[in-house]
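Trainee: I am new to this structure. Please show me how to read a few of its features.

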Amino acid sequence: MCGIIGVTSTEPVAPKLADGVRRLEYRGYDSVGLATLDGGAIGIRKGVGKVDEVDAQLDFAAAAGNTGIAHCRWGTHGGITHNNAHPHLSPNGKVAIVHNGIIENYLALKQDLQANGHAFASETDTEVIAHLIELELEHGGTLKDAVHRASKQLVGSYALGVLSADEPGTLVATRNESPLVIGFGDREHLIASDVAAILTHTDTVVYLDNHEVAVLTAESCAIYDDGGFAIDKQREKIDWDMEAAEKGGFEHFMLKEIHEQPGKLADTISPRLRDHEVVFEAETGVTAEVLRGIDRVIFLACGTSWHAAMVGEFLFEELAKTPAEVEYASEFRYRNAPIPPGTLVVAMSQSGETADTNAALEEAVRRGTRTLAVCNVRGSTMTRIAHHTVYTHAGPEIGVASTKAFTTQIAALYLLNIAMAQAKGVLNQQQIDSMIQGLRQAPLQVEQILDQNDTIQKIAKHFTSRSNAIYLGRGVHFPIALEGALKLKEISYIHAEGYPAAEMKHGPIALIDKQMPVVVIAPTDKLTYQKTLGNIEEVKARDGVVIAIATEGDQTIAQLADHTIYIPESLYSIGPLLSVIPLQLLSYHVAELRGCDVDKPRNLSKVVTVE
Ligand code: M6R
């Protein structure tokens with residue numbers, strides 16, 4: 001939540017700051033601002049609203065100076081006001097700061113400062129840091145020393161970009177728990193919450209670790225550890241291309257990302273598949289011996305990643321014959337849940353920066369169990385905590401509503417299951433081959449579903465004036481019912497709930513009347529299909545409007561349901577990769593028809609770096 005960017009260069013930086021903060025906007029869009037250092041003077045332009053709105057009033061790109069910082073805010077402390085917008089200044093106006101995170105002890109620090117005569121211009125926790133840095137500068141040393149000493153007084157999470165009017169050309173950055181990447185440009189250095197913000201200027205980065213301090217000028221980058229010693233850090237090349245972070249002709253990032261899924265699934269699946277096996281070992285360090293030693297899997301995740309984990313739970317039990325359970329990361333970390341020997345803890349995250357998931361993962365590491373991250377962002381905090389990482393190759397996901405990250409997570413889990421089933425010898429080669437074959441077909445099948453976009457858009461019209469919706473699914477499709485409901489509510493603001501289909505009779509059926517759309521995921525299968533048909537009958541008997549997701553060619557369901565969207569026939573276990581696609585498109589079109597801001601839904605942030 002919140003995005004920060006900073007640049008120090010041989011040329012004016014305001015255009016780069018404005019462009020970068022626009023790219024980071026998915027992290028927060030309550031207010032936006034920048035500070036530039038022009039000679040010995042700090043100039044600030046900031047305001048309430050989205051980047052385009054504030055930029056239209058203040059003309060960010062016109063700010064003078066070769067060094068600067070910028071910020072987009074998702075408010076935590078204090079209302080959505082001009083004064084609470086970043087950057088914040090120290091009392092003498094000589095230090096400017098942008099911050100992503102939460103300072104937990106800010107109130108105590110603020111009271112101490114107030115007792116010593118400090119007056120505050122904002123209600124934020126961040127302003128306290130600016131005051132502390134100014135005080136530390138009075139005690140002597142450079143801006144770097146002052147930032148380091150001030151950060152020692154902070155409890156909580158922070159990524160900071162700091163300027164001082166007394167050190168023109170210098171940008172100082174540090175972090176604890178909130179992400180911060182340093183980019184190496186052409187006679188310039190950059191900092192950002194996320195590589196996507198700086199990809200146009202560099203593909204070479206260093207990830208700052210907790211408590212490290214970076215001192216950047218246009219020509220130099222020095223990084224110090226917590227003890228103040230200069231350190232050398234490995235530079236990494238980012239293989240995401242810039243186009244991946246643009247809309248590419250689509251109206252919204254979400255729609256583009258939905259349509260990217262065939263390619264991104266292929267990118268995630270193909271390099272790991274051989275004719276009769278999955279090859280993971282060199283990339284992840286997960287050997288067959290490691291897989292054989294795993295008796296239990298505990299998933300940790302939040303939001304959509306939690307739904308992917310629920311699909312994973314089903315896959316581990318069904319395919320790898322290994323008990324699995326799914327925990328909300330935010331709950332797990334505050335419980336003393338037993339982690340028996342032989343447990344693999346799998347943390348799932350698109351961003352790799354979700355505070356609760358990373359804290360829960362750290363707890364698992366602390367308790368000595370083997371951990372694995374399934375993550376989309378190379379070098380993110382999560383991948384540096386876990387013992388092993390399986391990357392999803394979804395590319396940058398900018399739309400706040402997660403789509404391609406979800407399906408590539410499921411594909412990664414499926415690969416892991418094939419590898420584990422093979423290592424444990426719990427499935428025969430024919431079964432393994434048919435799973436490999438099924439997975440290979442999935443990208444093309446997703447493509448076929450996307451071709452029904454127009455049909456789905458027409459169905460979406462029936463939702464636009466509704467206030468509620470119910471999503472039903474059974475077995476491996478129950479998590480998809482949850483995911484479909486989450487997609488609808490987060491971007492269209494229609495209240496929606498997902499249930500296992502059989503649970504409907506235990507309460508939710510009371511809600512059904514002719515105003516209630518009920519989305520039923522009912523692909524043909526031997527186990528539950530007939531029962532789900534029964535649930536559709538029950539909804540129709542109460543005048544509910546049924547939208548069925550059915551297997552191609554199923555005429556029975558088409559006669560019962562008001563609207564039917566077909567998905568190709570697949571292995572049951574691969575079904576979620578397909579059944580979720582029409583639900584993503586449905587929620588997209590409903591939100592679009594209702595005039596909602598699809599990529600930046602209200603109150604949300606793409607990356608939840610606070611608990
Ligand atoms: O980056 P993560 O996968 O850890 O994010 C977890 C959730 O915040 C995220 O999935 C959220 O629920 C999305 N808005 C869902 O579309």
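**Cysteines and a sheet**

Mentor: Cys72 is buried, at 1% relative accessible area; buried means under 20%, exposed over 50%, partly exposed in between, with a 1.4 Å probe and protein chains only. This is a predicted model, where local features need pLDDT of at least 70, side-chain atom pairs count only at pLDDT 80 or more, and totals for chains, interfaces and linings use all residues. Residues are numbered from 1 along each chain as its sequence is written, and side-chain values use heavy atoms, leaving out hydrogens and water.

Trainee: How many disulfides does the rule count?

Mentor: A disulfide is a covalent bond between the sulfur atoms of two cysteines. The rule asks for a pair of cysteine sulfur atoms within 2.5 Å, and the count here is 0. For Cys72, the nearest cysteine sulfur belongs to Cys2, 7.1 Å away. For Cys375 that sulfur is in Cys302, at 13 Å. Cys375 is buried, with a relative accessible area of 0%.

Trainee: In what order do the strands of the open sheet run?

Mentor: Strands of a sheet pair through backbone hydrogen bonds, either parallel or antiparallel. Two strands pair if DSSP finds at least two bridges between them; helices (H or I, at least four residues) and strands (E, at least two) are DSSP runs, numbered from the N terminus. Here 5 strands follow the order E17-E16-E18-E19-E20, with parallel pairing. E17 (324–328) and E20 (388–391) are the edge strands, each pairing on one side only.

Trainee: Over how many bridges do E18 and E19 pair?

Mentor: Strand E18 (343–349) and strand E19 (370–375) share 6 bridges, in the parallel sense. Leu344 stands opposite Arg370 in E19.
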